[in-house]
Amino acid sequence: VVFWHGGERRESQVVLIAAPGSDATEPVTMGPGSIFEGLAIADLNPALIERLGLPLTAGGVAVTGVAGYSRRTGLEPGEIPTGFNGQPGQRAGDFARIVAEGARGWELDMQRGGQRATVRLPGG
């Protein structure tokens, strides 16, 4: 890299490496037995943020796929769940555990298009 500093032309070598967390993150897909069956969520990293077109400040997890029964939830790829039934979760495994425990009904806190929202869904 050639640059100017203090009125002088200088040269430096720069090593390019992959962004931290740019490795593909395997999504966690919710199993049978709940309304979220087929919902895939993954831990956010720079590569996933770019792929989903999310703000650089996004953190936690994001919906990466909606298949099977989970289509009935109205959730879409790129939405960011921030909590299930009042339990915060920052990792995909947290949400998988909460869903596996089951509930009579679900209150899903999330960010949709930069706005906070709460989605209420039946249990099962």
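## Helix 2 and its end

G102 follows helix 2 and has a positive phi, near 80°. Helices here are DSSP runs of H or I with at least four residues, strands are E runs of at least two, and both are numbered from the N terminus. The model is predicted: local features need pLDDT of at least 70, side-chain atom pairs count only at pLDDT 80 or more, and totals for chains, interfaces and linings use all residues. Residues are numbered from 1 along each chain as its sequence is written, and side-chain values use heavy atoms, leaving out hydrogens and water.

Helix 2 spans residues 92-101, and its buried residues are A92, F95, I98 and V99. Buried means under 20% relative accessible area, exposed over 50%, partly exposed in between (1.4 Å probe, protein chains only). The four cover an arc of only 130° around the axis, so they sit on the same side of helix 2. That arc is taken from the directions from the helix axis to the C-beta atoms. Exposed A100 and E101 lie on the face turned away from the buried side. Strand 3, strand 4 and strand 5 are among the elements that cover the buried residues.

## Strand 4

Strand 4 (residues 39-43) is largely enclosed by the rest of the structure, because five of its five residues are buried. L39, I41 and D43 are buried on one side, A40 and A42 on the other.

Strand 4 runs antiparallel to strand 3 (residues 28-29), with two bridges. Pairing requires at least two DSSP bridges between strands. A40 is the bridge partner of T29. Five bridges join strand 4 to antiparallel strand 5 (residues 61-66). There, V63 stands opposite I41.

How values were computed:
Contact = heavy atoms within 4.5 Å.
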